[in-house]
Amino acid sequence: MAMASPEHTASSDAYTEMSNLLPLASAAQQPYVSELLSFTLDRLHKEPELLKVDAERIRRQMQEVAVGNYRAFIAAADALLEIREEVSSIDKHLESLIAEIPKLTSGCTEFVDSAEDILEKRKMNQTLLANHSTLLDLLEIPQLMETCVRNGNYDEALDLEAFVAKLTTMHPKIPVIQALAAEVRQTTQSLLFQLLQKLRSNIQLPECLRLIGYLRRIGVFSEYEMRLQFLRCREAWLTGILDDLDQRNPYEYLKGMVNCHRMHLFDVVNQYRAIFADDTSGNEENYDGGLLFDWAMHQITLHLKTLKLMLPSISDGGSLSNILDQCMYCAMGLGWVGLDFRGLLPPLFEEAVLNLFSKNMTTAVENFQLVLDSHRWVPLPSVGFPANSFGEESQDDVTPPSNLMEHPPLAVFINGVSAAMNELRPCAPISLKNLIAQELVKGLQAVSDSLLRYNTTRMLKTNESVLFLKLCQAFIEVVFPHSATCFGRCYPGGAALITDATSLFDGIGRLLATSPARELPKPALNVATKNILENGGNQPVSENGVPHNIERTASASLEEKEQNNIMSPQKEEQKATSEDDTQRSPVL
């Protein structure tokens with residue numbers, strides 16, 4: 001590479017120095033300045049003149065151009081003014097635009113947010129549209145479940161309930177699912193109520209098993225609570241059956257109650273044992289803690305309380321006997337499930353029988369007293385029947401002696417005694433033998449006292465006194481042994497309990513002993529009567545050694561007796577409840 005010459009280096013330095021001397025020259029003027037530096041001195045002195053000439057020439061050219069193009073210059077000036085105004089307006093608008101830009105930014109942000117929400121809703125709507133049929137099925141679950149419950153399709157209803165419970169577990173925060181679950185819970189309560197109502201109706205074991213299975217699927221009750229609910233519902237059903245019975249008729253009510261407990265209580269216990277079989281694994285949930293035993297004892301207690309309350313209202317011995325037979329049969333049937341309560345029945349029926357007999361004897365004594373107070377002492381014709389007139393009658397029948405027709409008060413009393421014995425015979429407890437005998441003796445004693453009191457308080461004429469003493473003698477010789485005979489038929493060998501109480505007519509014996517001997521026979525028992533008392537009433541009553549075969553007679557008024565009209569004997573119907581009942585005595 002050739003090195004630079006010295007002259008060239010010197011000229012470059014000179015140029016640099018001139019540039020530094022004319023710092024005002026612009027880059028466009030530098031060529032002219034360089035040219036001036038190359039001029040000679042003379043040329044430099046002529047340069048101003050040349051510049052003036054050029055300036056004049058340029059000025060003239062400009063004037064010519066301006067004159068020739070004045071329209072363009074005017075238009076340019078007008079345009080410049082308009083541009084200035086427009087630029088000012090633009091400047092103002094730009095300032096306002098700059099001021100509105102934040103609002104625009106926030107508006108754009110809001111628009112973006114709303115657009116995103118709209119897009120989200122649009123997506124949800126699209127999803128909803130795509131799953132419309134599925135959602136419709138979900139929303140119809142409560143209505144469908146209610147229809148299933150109403151039509152008895154419990155399996156389908158419980159399947160729907162389980163499905164909704166699963167949805168609730170999977171989506172606990174979705175409001176629609178929660179609302180759906182709330183409606184299903186209401187329907188489930190309706191299902192529960194309907195199932196419990198069915199348990200309160202007449203259903204058999206298969207239906208009970210099915211209903212308990214549904215209750216277990218619902219899961220509302222624990223095992224103990226479910227057992228308790230089952231027993232409560234079945235008790236409500238039994239109570240409903242008993243409430244439908246007519247309590248105005250004690251006999252029919254007790255018969256229906258015993259029959260209900262005999263059939264249905266047995267079924268309930270078997271149903272409970274079949275459904276809730278106790279587990280031997282030791283799990284406390286499968287052990288009822290004696291719940292069935294307590295419930296069964298409660299039912300038996302109510303049964304016995306009802307018997308104790310209503311047995312006194314039964315005034316017929318045959319009905320008492322029938323109720324006792326049915327109770328025994330019921331207790332024997334329940335004994336197959338461990339509920340034999342036959343040992344608790346005797347005290348209840350013994351009390352009822354004793355009260356019934358006491359009431360009948362009291363009625364007999366009261367009727368005797370009424371007839372005695374209103375009796376007119378006039379002689380009545382003797383009444384007798386042929387010995388063979390009743391050959392067809394059973395030897396076990398005990399008929400009152402015919403000569404009692406001559407003494408209406410005693411006939412009424414024997415009527416009452418026979419009625420009491422007829423009511424006693426179908427249901428005569430052996431344990432009450434002594435008490436019944438005491439009641440009969442008490443009635444005979446009341447009649448004896450009434451006769452003594454009548455003799456003391458009444459002033460009778462001679463003929464009336466004779467008739468009264470005959471009545472007293474008939475009481476000792478006929479009424480007393482006949483009562484013992486009737487008692488002996490109810491309780492074999494029990495006549496001795498009555499005959500041993502001979503002291504009850506000591507007062508009447510003394511009265512007869514003090515009476516004129518010519519008027520009355522000796523007040524003593526004849527041989528036949530003694531035999532009757534000794535044999536417990538196994539032979540018919542005889543008078544003066546002649547046995548009487550007497551049929552029951554129909555009732556007649558005292559006025560007819562006073563007119564000496566003799567009633568023809570008639571037979572009463574034998575009691576329907578017992579073929580071997582004693583027959584009733586004649587009623588006046």
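**View 1. The largest nonpolar core of this predicted model.** Here we look at the 122 residues of the largest nonpolar core, in which Leu307, Leu311, Phe413 and Leu451 touch the most other members. Helix H17 (residues 462–490) gives the most to this core, with 15 residues. A nonpolar core is a set of buried Ala, Val, Leu, Ile, Met, Phe, Trp, Tyr and Cys residues joined through side-chain atoms within 4.5 Å; buried means under 20% relative accessible area with a 1.4 Å probe, protein chains only. Helices are DSSP runs (H or I, at least four residues) numbered from the N terminus. Residues are numbered from 1 along each chain as its sequence is written, and side-chain values use heavy atoms, with hydrogens and water left out. Since this is a predicted model, local features need pLDDT of at least 70 and side-chain atom pairs count only at pLDDT 80 or more, while totals for chains, interfaces and linings use all residues.

**View 2. Leu311 and the residues it touches.** Not counting residues up to four places away in sequence, Leu311 touches Leu254, Leu320, Ile323, Leu348, Phe349 and Ala352. Contact here means heavy atoms within 4.5 Å.

**View 3. Helices H15 and H16 side by side.** The axes of H15 (residues 408–424) and H16 (residues 433–457) come within 12 Å and cross at roughly 170°; axes are lines fitted to C-alpha atoms over the stretch in contact, with angles from 0 to 180 degrees between N-to-C directions. The two helices are therefore roughly antiparallel (an angle over 145 degrees). Phe413, Val417, Met421 and Leu424 of H15 meet Ile436, Leu440, Gly443, Leu444 and Val447 of H16. By class, this contact has eight nonpolar residues, one polar and no charged; Ala, Val, Leu, Ile, Met, Phe, Trp, Tyr, Cys and Pro count as nonpolar, Asp, Glu, Lys and Arg as charged, and the others, Gly among them, as polar.

**View 4. Asn360 in helix H14.** Asn360 is found in H14 (residues 345–374) and is buried, with a relative accessible area of 16%. Not counting residues up to four places away in sequence, Asn360 touches Ala420 and Glu423. Asn360 and Glu423 are 63 residues apart in sequence and 8.7 Å apart in space, C-alpha to C-alpha.

**View 5. Two stretches to view with care.** The pLDDT, the predictor's confidence in each residue from 0 to 100, stays under 50 over residues 1–11 and over residues 385–395. Beyond four places in sequence, the model has one contact for residues 1–11 and 14 contacts for residues 385–395. Where pLDDT is low, the predicted coordinates should not be read in detail.

Methods: Buried < 20%, exposed > 50% of the residue type's maximum accessible area, 1.4 Å probe, protein only. Parallel < 35°, antiparallel > 145°, perpendicular 65-115°, else oblique.
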